[in-house]
Amino acid sequence: MSVETKEHREPCCSKLKLFLASLSFVYFAKAFGGSYMKSSITQIERRFDIPSSLIGVIDGSFEMGNLLVIAFVSYFGAKLHRPRLIGIGCLIMAAGAFLTALPHLFQGRYVYETSLSHIPEENTTESILPCLTNTSHLGIHVQAAEENQAACEKEAGSYMWIYVFLGNMLRGIGETPVMPLGVSYLDDFAREENTAFYLAFIQTVGILGPMFGFMFGSFCAKIYVDIGSVDLESISINHKDSRWVGAWWLGFLVTGFLMLLAGIPFWFLPKSLPKQGKSPNQKKLNKEIVTKSCSDTTEEVKEQDSFLLEDNNEDHGSKPISMNAMAKDFGPSLKRLFTNKVYLLVLLTSLVAINGFIGMITFKPKYMEQVYGQSPSKAIFLIGVMNLPAVAFGVITGGFLMKRFKLSILGAARICIIASLLSFCLLLSQYFLYCDNSQVAGLTMTYQGASEVSYEQESLLSQCNMGCSCSLKHWDPVCASNGMTYASPCLAGCQTSTGIGKEMVFHNCTCMGELTEELSLSPSNRSAILGQCPRKGDCDWMFKLYMAISVMGAFVSACGATPGYIVLLRSISHDLKSLALGMQTLIVRTLGGIPPPIYFGALIDRTCLKWGSKRCGGQGACRLYDSHAFRITFLGLVYVCYGTSYLLWGVLYRQLSKRQKKLALRNQAKETALEANRNNGHATVSIIKNMDDLDRESTI
């Protein structure tokens with residue numbers, strides 16, 4: 001008997017491990033594509049010349065596609081061939097990625113606009129006159145503007161952005177079966193003590209996807225959109241300019257090829273597998289052993305296995321089920337799922353936390369740009385190489401703790417609460433790490449050098465530039481030798497210029513004269529160069545401290561990810577796992593994926609000091625924010641979301657404790673009945689009735 005019951009030795013490259021590796025690569029590929037989409041939002045907005053509200057709709061089309069099918073895929077897919085459904089999803093995601101990049105092949109070359117009156121030819125020595133004291137230049141500029149307006153309206157009539165919208169929606173549809181079917185398939189056939197480690201491994205590999213996605217997005221943001229078809233020496237702007245458009249399409253081609261490669265193994269995996277650690281012919285033998293030694297098995301059952309009264313080891317996939325029967329059972333299954341109090345609390349907690357996370361990760365690059373003066377490409381790169389690896393190590397650490405100490409569900413909840421409190425303390429400390437506002441004449445400072453924040457465009461005008469006929473709409477910042485940034489060469493009162501393209505220098509800037517005596521600048525030194533001035537003081541040191549605390553907070557917070565997943569999986573019955581994961585994704589994507597960028601962005605836009613102008617007129621993207629107001633608004637929203645989720649974790653822990661006490665009473669009653677069986681040879685009717693009552697009471 002001891003030889004027959006010896007645990008079946010698993011081969012090194014089992015089908016379950018092949019599924020684990022394949023699912024991990026799919027997580028990597030889909031996370032790579034999603035993070036690259038986030039990093040390319042600004043480039044897409046500039047390339048198609050569309051408003052930010054429309055960009056929000058395009059960004060949310062992924063969730064829209066996911067929501068269309070996730071409830072049905074999660075429920076019906078659990079009864080069908082799960083690996084092949086995941087393979088079909090990979091093909092759909094690849095098609096969506098290729099469709100997103102398709103407009104680049106149909107559109108012409110990108111032509112950026114300039115606010116200067118005219119640009120000299122490369123082989124001439126003519127100078128640009130920023131201050132248009134000669135009004136003859138205005139007539140030329142107005143005529144050119146009218147021609148550009150007609151061309152712009154014709155180009156704006158193109159709806160090429162619809163391809164991006166549909167491609168992103170296809171990616172959302174294809175991603176639907178990956179999480180609910182993949183995780184439930186793995187949990188069904190893996191040992192219970194290995195599930196946490198496997199989930200941590202998948203999530204860790206998946207987190208590498210955003211890391212490489214952000215890094216590749218930063219790389220593509222520095223490559224000109226029409227690379228290979230234009231002379232880069234003729235481009236007068238760089239990747240730090242607000243008019244620059246990077247090679248946004250390149251990353252979607254890479255994503256498409258990755259998804260095609262990731263879907264191949266799933267076509268060769270079976271519909272079901274034997275339970276890990278057991279041979280296929282051992283199931284009948286195990287049932288006989290259980291009936292002969294009930295008392296022994298009761299003592300060995302882990303708390304995670306006995307947390308539900310349903311038989312989680314039942315083979316639900318052995319009997320063929322018709323589609324009609326599955327459809328009739330859909331309503332009762334939903335009712336069973338949403339009457340589970342623990343599941344509802346887990347769902348609500350994750351929903352509030354995801355609101356804070358999505359809002360934070362969407363606008364964190366802009367936060368680093370506006371508060372600490374970092375370039376967008378550098379901000380994206382640092383998130384990819386510092387924050388995301390910390391998250392990966394945190395996830396794998398949480399899974400290791402679960403496996404190493406064999407923690408119960410209450411132990412998993414304790415890890416989540418501790419990680420949440422520590423990360424929230426680190427997050428609170430970020431409020432005190434900030435730099436001063438950029439010194440921009442007329443917006444954050446007066447032309448005389450006094451600190452004063454102004455939201456009025458008329459504040460850009462002063463006596464020094466009143467006669468220059470400057471446009472207040474454009475944003476072409478120049479850094480003057482007095483350390484002050486001006487919104488344009490014209491608003492700086494610059495009279496002449498030398499050089500061309502990126503090497504252009506403006507001279508005789510009259511608005512610098514008001515600070516000449518204070519800074520001991522001679523008239524010959526009143527010059528300016530393209531771009532904003534760097535931040536002053538200890539901003540670099542403050543940014544390094546911010547990144548250090550941000551990385552530590554990401555690691556600590558991620559330590560609670562895998563334990564939180566285990567709490568979810570162990571709180572629902574076997575036949576509802578796929579449906580529960582699918583409904584969680586459905587609700588979190590609906591209320592946690594789409595709204596946060598909208599209300600975060602709407603409130604952040606209220607801190608804007610200088611708006612840009614679109615090519616066809618109207619208000620464009622914000623060019624400069626009040627960094628202090630931006631910091632308070634951004635961190636305040638994050639604090640509200642995360643703080644609420646941490647309070648809900650406390651309520652959830654209390655509910656788990658109540659369920660645990662009821663389960664203890666149930667187990668005690670069963671042990672009493674088994675003892676009576678051994679002593680008297682039969683169980684009394686009263687004991688059996690008492691056990692049944694406790695079973696009904698402990699069901700949530």
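I looked up F252 and found it buried, at a relative accessible area of 1% (buried means under 20% relative accessible area, exposed over 50%, partly exposed in between, with a 1.4 Å probe and protein chains only). The model is predicted: local features need pLDDT of at least 70, side-chain atom pairs count only at pLDDT 80 or more, and totals for chains, interfaces and linings use all residues. Residues are numbered from 1 along each chain as its sequence is written, and side-chain values use heavy atoms, with hydrogens and water left out.

**Rings.** I counted aromatic pairs next. Rings of Phe, Tyr and Trp (its six-membered ring) pair if their centres lie within 6.5 Å; planes under 30 degrees apart count as stacked, over 60 as edge-to-face and the rest as tilted. The count comes to 29 aromatic pairs. W248 and F252 make an edge-to-face pair, 6.3 Å centre to centre with 65° between the planes. W248 is also buried, at 1% relative accessibility. Elsewhere I noted a cluster linked by ring pairs: F363, Y367, Y372, F543, Y546, Y599, F600, Y625, F630 and F634.

**Helix 2.** Helices here are DSSP runs (H or I, at least four residues), numbered from the N terminus. Is helix 2 (residues 41-48) largely enclosed or open? Six of its eight residues are buried, so the rest of the structure largely encloses helix 2. I listed the buried ones: I41, Q43, I44, E45, R47 and F48. Just after helix 2, D49 has a positive phi of about 50°.

**Helices 1 and 8.** I turned to helix packing. Axes are lines fitted to C-alpha atoms over the stretch in contact, and angles run from 0 to 180 degrees between N-to-C directions. Helix 1 (residues 15-39) and helix 8 (residues 178-189) have axes that come within 11 Å and cross at roughly 155°. The two are therefore roughly antiparallel (angles under 35 degrees count as roughly parallel, over 145 as roughly antiparallel, 65 to 115 as roughly perpendicular and the rest as oblique). Which residues in helix 1 meet helix 8? I found L16, F19, L20, L23, V26, Y27 and K30 meeting V178, M179, G182, V183, Y185, L186 and F189 (contact means heavy atoms within 4.5 Å).

**Helices 16 and 19.** Helix 16 (residues 409-429) packs against helix 19 (residues 561-569) at an angle of about 140°, with axes 8 Å apart. I therefore logged helix 16 and helix 19 as oblique to each other. In helix 16, I409, A412, A413, I415 and C416 meet P563, G564 and V567 of helix 19.
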